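User: I am new to reading protein structures. Could you take me through one, feature by feature?
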Amino acid sequence: MNHRSAPAAQHSMRPPVPDDAASFTAATTFPNAPRFPNATPHDEPRPTLSDAEIAYLRTRRPFRDLDPKAFPRAQPLDAILREQTRLLRYLPGDVIVRKGDYGQSAFLVLAGSVDLVRHHVAGSEPTAAKPAEPLTLRRLLAGYFSRVRSNAAPPSNPSPSSNAGLSGHSDTLTEYRSAEAVFPPRQGSQRLHHVDGRAAIRLQDFDAIIDAHGQARLGPGELFGEVAAMYRSPHATTVLANVESSVLEISWRGLRSLRRDPGFSEQLDQHYRHHWLQLHLRETPLLRHLDDAAIAAVAARTQLRSHGRLEWYADFRRSRKQTPAQQIESEPLVASEGAYPSELLVVRSGFGRMCVQHGSSSRTVAYLGAGHLFGIDEILQNYFAGGPQVPLQSTLRAVGMLDVLAIPVEVLVEHVLPRVRRQDLPATAQHWIPERDRRSGRKRWGGQDRRVDSKKAKRQESRVQDGDRLVSSDAMEFVVGQRLMNGRSAMVIDLHRCTRCDDCVQACATMHDGNPRFSRTGPTHHHLQFASACMHCIDPVCMIGCPTGAIHRQPDQPLVLIDEATCIGCGTCAAACPYGNIDMVAVVDASGAAHVDPESGKAMQKATKCDHCHEHGGKAACVAACPHDALVRLDLTHSRPLDAWLGLET
Amino acid sequence: MTPTGPAAPISTPALTPVTTLASRRRHRRSIALAVTLVAFWVTATLNHRISSNLGRPAFFTGWILAVGLLLLVALGLRRRLPLARLGSMSLWLQVHLYVGIFMAAVYSLHVPRLIADGFLGRPLSITFLAVMVSGFYGLFVSRRYPRRLAALGQDYRCGDFAWYRRQLVEQAERAIPAELGNNAQHNDAQNVDTQHVDADVLGPMLQQRVRPFLAASPSWSFWLWPRRDRARRMMDSIRDSMRYLAPENHVVAETWISWIRQRDRLDYAWSLQTRLRAWVIVHAIASVLLIAQVIVHILNVYRYAGS
């Protein structure tokens, strides 16, 4: 049942999403999730808080301590509470926050208590990881015949072209699902139920889980999830309701508005500094070997900065149509070429674009992701080489949203550089270290086989300087412009090798009951096509707002997966995916009849996308099926894999 | 406030290890060529020894060819079983290519002339050569055609060419000025506002050239040998006629040129893509025929081996 052969990139068969940025923002951010025809009643938007509820909240911490004068007239405190928060009730054992989920909200306990569990809680995810099934002859043959059947069966959609929505036919796609896939047996410890009309996952044996792994209990007035919400990163703990509890959910936007109150903002920053900053600094190779006193000194002077907008996907639809020059101009400036390197910037989250002045415009030379450093080469050169001070050689701009930790250069000179190990320094910076220091430092810094080839570093640098990277710079600008650097496993097709045989699509179909999970279309740059397949993003905005947590990341896996049994077909993820790589499909059985939701009596829809063949061991069938090595899955969060694949890296 | 913040490490490891594809290909090609050459040298040496010892070298090379043939057809089996973890198709294709080259060389030992004699031997040789030639042709087109397709600037899906053509015709018909459209349908020159659309120039051009070109299906000869002269001539002709048009009507002619260019690209892509697919079909059918003939050949050889 291959209904996914859309004719071309521009004829995408993705479900329609609002075109204008404003409506897209509204559609993808809390609390006004888009409504789809088969969304169940419990998924309706909740009403805003009443005056009485707001008055009650103003008597509770931290709101009673906030200064109403700190908020502008256009958005007073009451309006923030009314529009950016909602009251939720949880029953004992309900999962409030799941470890690994992406935070879009912070939670304030109003009544009752909640337990924090830092260990992975089996059963808290929609469905436990399915182990790879043993490969039997029967499965092999079944896979083959399902493919033959899918090729032979007449599509229920009139023509593939009709999916494009250009010929006036319905946009609804249908896909075959077995009953087991749609209505799987429930996990022993987990149950999906409704509380006040809202879907919730309840762990039935939560007492045993808390006894075994419970780490802390929070009571009224305590806030959790705020750091994950502000930096849009996965939650570190699972939070379960211990007793029937009332919780105030504060959207990240509300949280940001509340930070206008200096006291509240200071409280949040102190919390981050106290609990997380040193941990995050230690994850930077440059700082990992510092002793406790030094890291504390660095942390004390480190500044936290945010550039750009967290909701970058709202601007993306407009910005992707701009020229690279327009895009660069519109991006917030973080550091300017030619300025004195007064601090080292460590990218905490988001992306930055490094560009250099080229003619009368700017040329992208690299993009930075989490963990990358900006300004290190210049700082090291100034420190080791002496002589006249070297200014910043490139400009850094925020692509969408960029969170950085800024470490002043004097702190580096005092606490870090005297202690740093050579292998922790970037390769491009190695040749700034004088030969004498290299010799003496080899032992001190444990050099031996980790010695970095200074010739290679020089070669790399000269390539940047002499313009050899122009080709990759071109591709890089495309990747940044299309925000493809968000993808940890982007499907890239070399059109100079692809014979358009579609064996990749066929292999995908075979692995998924005859339903291919991607179409060989997508944005193209020269001979590189970035196919419309889920990229398993590092910033998976599709996961924001899923009412049941059906779209999730499995523990210790970078893959973003959809649990079909828990998916209620609301379409939030499909609308939120900025790349249009999630489809809503009507699921049918082998006879073509729609599967019906037993509760609502309506035909079921499911969100579907590439799952990287995780049920078959995680090795993508599309890659293995390409006879010409034309298709690869690349981690584009760093520019090196693409460079290496293009053969530009030495 | 309680620490429930982010757990993600700042450094995020890559999903897949990074290798330079070009260097991997070069490395693989060198190894495969070396293995093929060594295998052929061993085969030729053994063949010579068997021959020197008055043995039957044709049996030796014949069985090598038969086993090689099985290896070659295994590629099709692997393609149909993506579930099985049998290695990547890319690796299998490389094995297929080099076994094919090896077999072509062994064939020269087995049949020391281009086409064998005999009622059954001759068709068998011809089929073998057909498979071999189609294989080399496939190697050529699968390396060349993707670049040509990529150079077109737009990717078309193979099964949807008729739809693309229809879309183009519909788009063109919608964009044709109403005066010219009426003129075309009713042949009523009196209704045409000649000052507005230069109907005396554009009308015949549309009727005699553009519309027939867009409406027609590409010919077999175009499929076999996609000559793009016709489209180019037509575009040149329209450009030449533009000097007879009022400046405001130049855009009409430019639009028509763009349709012709689109249609030309579409037909060219169709020709390349369908030839790529047709080649696979021809190669596969010839391979099946070859297997059948080889089986008959082996049975015959062993039937008459004693005589």
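Predicted model: local features only at pLDDT ≥ 70, side-chain atom pairs only at ≥ 80, totals over all residues.

User: Let me start with secondary structure. How many helices and strands does chain B have?
Analyst: Chain B has eleven helices and zero strands. Read along the sequence, its pattern is α-α-α-α-α-α-α-α-α-α-α.

User: What share of the residues in chain B is buried?
Analyst: Burial is judged by counting neighbours, and a residue is buried if 20 or more other C-beta atoms lie within 10 Å of its own. In chain B, 24% of the 307 residues are buried.

User: What share of contacts in chain B joins residues at least 24 apart?
Analyst: Take the contacts between residues at least 6 apart in sequence. In chain B, 72% of these join residues at least 24 apart.

User: Now the cores. Which residues touch the most other members of the largest nonpolar core?
Analyst: They are Ile96(A), Leu345(A) and Cys622(A), in a core of 168 residues. Strand β17 of chain A, residues 395–408, gives this core its largest share, eight residues.

User: What is Ile96(A) in contact with, leaving aside its neighbours within four places in sequence?
Analyst: Find Ile96(A) and look around it. Its contacts include Tyr90(A), Phe107(A) and Val114(A). Val239(A), Leu240(A), Ala241(A) and Val247(A) are in contact with Ile96(A) too.

User: Next, helix packing. At what angle do helix α4 and helix α11 of chain B pack?
Analyst: To read a helix pair, take the angle and the distance between the axes. Helix α4 (residues 121–151) and helix α11 (residues 250–304) of chain B pack at about 155°, with axes 9 Å apart. An angle over 145 degrees counts as roughly antiparallel, so α4(B) is roughly antiparallel to α11(B). The crossing of α4(B) past α11(B) is left-handed. Their contact has 17 nonpolar, nine polar and two charged residues.

User: How does helix α10 of chain B pack with α11(B)?
Analyst: Helix α10 of chain B covers residues 229–241. The angle between α10(B) and α11(B) is about 175°, and their axes are 10 Å apart. That makes this pair roughly antiparallel.

User: Which residues make that contact between α10(B) and α11(B)?
Analyst: From α10(B), they are Ala231(B), Met234(B), Met235(B) and Ile238(B). From α11(B), they are Ala253(B), Trp256(B), Ile257(B), Ile260(B), Arg261(B) and Asp264(B). By class, this contact has eight nonpolar, no polar and two charged residues.

User: And in chain A, how are α9(A) and α10(A) placed, parallel or perpendicular?
Analyst: Start with the angle again. Helix α9 (residues 262–282) and helix α10 (residues 292–301) of chain A pack at about 115°, with axes 10 Å apart. The two helices α9(A) and α10(A) are therefore roughly perpendicular. Their crossing is right-handed. On the α9(A) side, Arg273(A), Leu277(A), Gln278(A), Leu281(A) and Arg282(A) take part. They meet Ile295(A), Ala296(A), Val298(A) and Ala299(A) in α10(A). The contact divides into six nonpolar, one polar and two charged residues.

User: Where is Arg483(A) found, and what is its phi?
Analyst: Arg483(A) lies in the loop between α17 (470–481) and β18 (490–494) of chain A. Its phi is positive, about 55°, although Arg483(A) is not a glycine. Arg483(A) is also buried, with 23 other C-beta atoms within 10 Å.

User: Is Asp502(A) buried or exposed?
Analyst: Asp502(A) is buried, because 21 other C-beta atoms lie within 10 Å. Asp502(A) is in the loop between β18 and α18 (503–511) of chain A. Its phi is near 65°, a positive value in a residue other than glycine.

User: Last one. How far apart are Leu561(A) and His612(A), in sequence and in space?
Analyst: They are 51 residues apart in sequence and 8.7 Å apart in space, C-alpha to C-alpha. Leu561(A) belongs to strand β22 (residues 560–562) of chain A. With 24 C-beta neighbours inside 10 Å, Leu561(A) counts as buried.

Note on methods: Residues numbered from 1 in each chain as written. Chains lettered and ligands numbered in written order. Core = buried A, V, L, I, M, F, W, Y, C linked by C-beta atoms within 7 Å. Buried ≥ 20, exposed ≤ 12 C-beta atoms within 10 Å, placed from the backbone. Helix = DSSP H or I, 4+ residues; strand = E, 2+ residues; numbered from the N terminus. Contact = placed C-beta atoms within 7 Å. Axes fitted to C-alpha atoms, helices over the stretch in contact; angles between N-to-C directions. Parallel < 35°, antiparallel > 145°, perpendicular 65-115°, else oblique. Left-handed = near helix turned anticlockwise from the far one by under 90°. Nonpolar A, V, L, I, M, F, W, Y, C, P; charged D, E, K, R; others polar.
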